Amino acid sequence: MARVLQDVLDPFTPTIPLRITYNNSLLLAGAELKPSAVISKPRVDIGGNDMRTFYTLVLIDPDAPSPSHPSLREYLHWMVTDIPETTSVNFGQELVFYERPDPRSGIHRLVFVLFRQLGRGTVFAPEMRQNFNCRSFARQYHLSIASATHFNCQREGGSGGRRFREE
């Protein structure tokens, strides 16, 4: 998991529990999920005990449109801001609507990042989804990383391995 996160984030120490469930199944770091399992946005619960602390959640794909040519890296699939600690994303502001991951080629890494905000109403949506950058986003809005996790996703017919043509 560390290598996946290093591609998009500076080193950090998690400070808050983050619980993500797709279709009532808890997301475990590094899990393999097919696009059919991630059609609807997940339930995301944030731990802690101080409702005066707010968070921003993003879901990005550093491998868009393909792992070998990630020219759209980091593609922003979802952004919710102003999520109070101890609640779920349902209590935040969905600034970039959930767009389900649907990779066309290769195995894509999808990364959830939870940032701690300086205060409510201090984070704004980017103009476009492609070429989002977690590091510069965090600097721009003075965010600190509170938690992160990832899963892998490939098209429904994908086998998980590389295909070789017989000569």
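Two strands count as paired if DSSP finds at least two bridges between them. In this predicted model, strands β8 and β9 clear that cut-off with nine bridges. Strand β8 covers residues 108-116, and strand β9 covers residues 144-153. Their pairing is antiparallel.

Strands of a sheet pair through backbone hydrogen bonds, either parallel or antiparallel. Here the sheet is open and has six strands. Read across, the order is β3-β9-β8-β5-β6-β7. The pairing is mixed. At the edges lie β3 (31-33) and β7 (93-96), each with pairing on one side only. From one strand to the next, the twist averages 25°.

Next comes helix α2, residues 134-141. Which of its residues are buried? They are Cys134, Phe137, Ala138 and Tyr141. Viewed down the axis of α2, these buried residues fall within an arc of 100°, so they line one face of the helix. The spacing has a simple basis. An α-helix has 3.6 residues a turn, so residues three or four places apart point the same way. Arg139 and Gln140 are exposed, on the other side of α2.

Both ends of the helix deserve a look. At the start of α2, Asn133 contributes a side-chain oxygen. That oxygen comes to within 3.0 Å of the backbone nitrogen of Arg135. Just after α2, His142 adopts a positive phi of about 55°.

Methods:
Residues are numbered from 1 along each chain as its sequence is written. This is a predicted model: local features need pLDDT of at least 70, side-chain atom pairs count only at pLDDT 80 or more; totals for chains, interfaces and linings use all residues. Side-chain values use heavy atoms; hydrogens and water are left out. Buried means under 20% relative accessible area, exposed over 50%, partly exposed in between (1.4 Å probe, protein chains only). Helices (H or I, at least four residues) and strands (E, at least two) are DSSP runs, numbered from the N terminus. The arc is that of the directions from the helix axis to the C-beta atoms. A polar contact is a pair of N or O atoms within 3.5 Å; within protein, one must be able to donate a hydrogen and the other to accept it, and residues adjacent in sequence count only if both atoms are side-chain atoms. Axes are lines fitted to C-alpha atoms, for helices over the stretch in contact, and angles run from 0 to 180 degrees between N-to-C directions.
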